Amino acid sequence: MRFFSGVFTLLIALLVFTAASAFASTINANGWYNENSNVYAMQIWVNDPGVSIKDVKINSGQSSSGWSWRYTDDTKTSAVFSGPEADFKTLYTHIQFDSPKPDKFTNFSVDWAEVSEQTTLTGTNFYKNKKWTFTSGEIDRTPTPIPGAVLLFGGGLSLVALFRRKFRRA
């Protein structure tokens, strides 16, 4: 009887372990790369509180030398990459995400940004129905010149203030 009790307990434990692991999934994102030249920093943010970043691997090529990554906090929903300036499409990554739901029921998005001297590229990668889709945009970091009209207007106001002060004394 003890034998059957032990086997029964083992079967129950195996069933519980199998059921628990069947609901969680690891989602892979292979081949994400930098879309800009002279990139020196990148960051990704997971937008679903149930999904976290499990692991990141940066390609081991010559251009990725000196690059590293770290989590930004204990939630493991954001990671920062940094290193020496990298050329266009030279930093390939393999990122694994953990989800408490099965892969086919997991939908989430990942915002990203990559920073270079001239621009900051941003975008969102969407994971839905076991497929990735992408969007991107650009934030130009070049300074905006002050239009001549604003300079003329400021100069005119200064002259008015100067004349007003001068005529007040008289």
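Colleague: Where does Ser 99 lie?
Modeller: Ser 99 is in strand E6, which covers residues 92-99. Keep in mind that this is a predicted model.

Colleague: Is Ser 99 buried or exposed?
Modeller: Buried, because its relative accessible area is 4% and the cut-off for buried is under 20%.

Colleague: What does the side chain of Ser 99 make a polar contact with?
Modeller: The side chain of Thr 106, at 3.0 Å. There's also a backbone atom to look at: the nitrogen of Lys 101 sits 3.2 Å from a polar atom of the Ser 99 side chain.

Colleague: OK, switching to the aromatics. How many aromatic pairs are there?
Modeller: The count is 10 aromatic pairs. One of them is Trp 32 with Phe 97: the ring centres are 6.1 Å apart and the planes are at 50 degrees, so that pair is tilted.

Colleague: Which strands does that pair link?
Modeller: Trp 32 belongs to strand E1 and Phe 97 to strand E6, so to speak distant parts of the chain, 65 residues apart.

Colleague: And Phe 97, buried or exposed?
Modeller: Phe 97 counts as buried, at 0% relative accessibility. Trp 32 is buried too, with a relative accessible area of 12%.

Colleague: What kind of pair do Trp 32 and Trp 132 form?
Modeller: An edge-to-face one, with 4.9 Å from centre to centre and 85 degrees between the planes. Here the link runs from Trp 32 in strand E1 to Trp 132 in strand E9 (residues 131-140), and the two are 100 residues apart.

Colleague: Why does Trp 132 count as buried?
Modeller: Because its relative accessibility is 19%, and buried means under 20%.

Colleague: Which residues form the aromatic cluster?
Modeller: Trp 32, Phe 97, Phe 108, Tyr 127 and Trp 132 make up one cluster.

Colleague: Where is Asn 38?
Modeller: In the loop between strand E1 (25-33) and strand E2 (39-46). Asn 38 is partly exposed, with a relative accessible area of 36%.

Colleague: What about phi of Lys 76?
Modeller: Lys 76 has a positive phi of about 60 degrees, and it is not a glycine. Its place is the loop between strand E4 (68-71) and strand E5 (78-86).

Colleague: And how does Lys 76 count for accessibility?
Modeller: As partly exposed, at 39% relative accessibility.

Technical notes:
Residues are numbered from 1 along each chain as its sequence is written. This is a predicted model: local features need pLDDT of at least 70, side-chain atom pairs count only at pLDDT 80 or more; totals for chains, interfaces and linings use all residues. Side-chain values use heavy atoms; hydrogens and water are left out. Helices (H or I, at least four residues) and strands (E, at least two) are DSSP runs, numbered from the N terminus. Buried means under 20% relative accessible area, exposed over 50%, partly exposed in between (1.4 Å probe, protein chains only). A polar contact is a pair of N or O atoms within 3.5 Å; within protein, one must be able to donate a hydrogen and the other to accept it, and residues adjacent in sequence count only if both atoms are side-chain atoms. Rings of Phe, Tyr and Trp (its six-membered ring) pair if their centres lie within 6.5 Å; planes under 30 degrees apart count as stacked, over 60 as edge-to-face and the rest as tilted.
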